[in-house]
Amino acid sequence: MSYPAAQQDPANPLDLPLYECWFCPTRWIGFSSLLFHLEDGCCVKKDRIRTLAFECPEYGFYGNQLTDDNPFFCFHCQSQFPQISYLYYHVERSSFCSHLLDKSECLDALRDFYIEYYECPGTDYIHF
Ligand SMILES: [Zn+2]
Ligand SMILES: [Zn+2]
């Protein structure tokens with residue numbers, strides 16, 4: 001994969017994809033940052049982020065129980081996480097676990113699930 005030179009940003013040394021929030025005019029480096037923004041209550045949307053993760057058909061690959069202290073886990077290394085954004089943050093930065101974001105892997109499927117759920121006319125998902 002190659003990225004345009006403009007992507008060589010010191011604020012983004014991992015070259016993570018950029019995402020615009022679906023609901024407000026903010027832009028985030030990496031899907032985990034967008035999810036954290038939504039989970040953290042800084043945006044209009046909050047609770048659906050967590051419950052939606054369990055509505056994706058792939059949830060058995062990253063989800064325990066919605067009511068658990070740590071509802072989410074990494075399929076590769078079994079690390080446990082209290083928020084879905086923490087799981088994405090983990091895999092974005094772990095060379096051992098980042099393959100879970102690859103095409104047709106579980107966290108790619110969940111990302112697509114969120115995007116399809118929230119994407120509506122007038123909002124943009126930025127592809128690289
Ligand atoms: Zn927002
Ligand atoms: Zn892991």
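**Figure 1. Contacts across the whole protein.** Among contacts between residues at least 6 apart in sequence, 36% join residues at least 24 apart. The model shown here, and in every view below, is predicted. Of the 128 residues, 26% count as buried.

**Figure 2. Helix α1 beside helix α3.** Here we look at α1 (residues 31-39) and α3 (residues 84-93), whose axes come within 8 Å and cross at roughly 165°. Angles over 145 degrees count as roughly antiparallel, so α1 is roughly antiparallel to α3. The crossing of the two helices is left-handed. On the α1 side, the contact is made by Phe31, Ser32, Leu35, Phe36 and Glu39, while α3 brings Ile84, Ser85, Tyr88, Tyr89 and Glu92. Sorted by class, this contact holds 6 nonpolar, 2 polar and 2 charged residues.

**Figure 3. Helix α3 and its buried residues.** How many of the 10 residues of α3 are buried? The count is 7, and the helix is mostly covered. The buried residues are Ile84, Ser85, Leu87, Tyr88, His90, Val91 and Glu92.

**Figure 4. The largest nonpolar core, with a closer look at isoleucine 84.** This core has 20 residues, of which Leu35, Ile84, Leu87, Tyr88, Leu107 and Leu110 touch the most other members. Each of the helices α1, α2, α3 and α4 (106-118) supplies at least two residues of the core. If you centre on isoleucine 84 and set aside residues up to four places away in sequence, you will find that it touches Leu35, Ile49, Arg50, Ala53 and Phe72.

**Figure 5. Asparagine 64 in the loop between α2 and β3.** Asparagine 64 lies in the loop that runs between α2 (47-53) and β3 (72-73). Is this residue buried, exposed or partly exposed? It is partly exposed, because 16 other C-beta atoms lie within 10 Å. Leaving out residues up to four places away in sequence, asparagine 64 touches Asn70, Pro71, Phe72 and Phe73.

**Figure 6. Phenylalanine 61 in the loop between α2 and β3.** Phenylalanine 61 also has its place in the loop between α2 and β3. With 17 C-beta neighbours inside 10 Å, this residue counts as partly exposed. Phenylalanine 61 touches Phe75 and Cys106, again not counting residues up to four places away in sequence. The C-alpha atoms of phenylalanine 61 and histidine 76 are 9.3 Å from each other, and the two residues are 15 apart along the chain.

Figure 7. Let us finish with two backbone angles. Aspartate 15, although not a glycine, has a positive phi of about 55°. You will find aspartate 15 in the segment before β1 (18-20), where it counts as partly exposed because it has 14 C-beta neighbours inside 10 Å. Serine 104 is not a glycine either, and its phi is positive at about 70°. Serine 104 lies in the loop between α3 and α4. Why is serine 104 exposed? A residue is exposed if 12 or fewer other C-beta atoms lie within 10 Å of its own, and serine 104 has 8.

Technical notes:
Residues are numbered from 1 along each chain as its sequence is written. Chains are lettered from A and ligands numbered from 1 in the order in which they are written. This is a predicted model: local features need pLDDT of at least 70, side-chain atom pairs count only at pLDDT 80 or more; totals for chains, interfaces and linings use all residues. Axes are lines fitted to C-alpha atoms, for helices over the stretch in contact, and angles run from 0 to 180 degrees between N-to-C directions. Helices (H or I, at least four residues) and strands (E, at least two) are DSSP runs, numbered from the N terminus. Angles under 35 degrees count as roughly parallel, over 145 as roughly antiparallel, 65 to 115 as roughly perpendicular and the rest as oblique. A crossing is left-handed if the near helix is turned anticlockwise from the far one by less than a right angle, and right-handed if clockwise. Two residues are in contact if their C-beta atoms, placed from the backbone, lie within 7 Å. Ala, Val, Leu, Ile, Met, Phe, Trp, Tyr, Cys and Pro count as nonpolar, Asp, Glu, Lys and Arg as charged, and the others, Gly among them, as polar. A nonpolar core is a set of buried Ala, Val, Leu, Ile, Met, Phe, Trp, Tyr and Cys residues joined through C-beta atoms within 7 Å.
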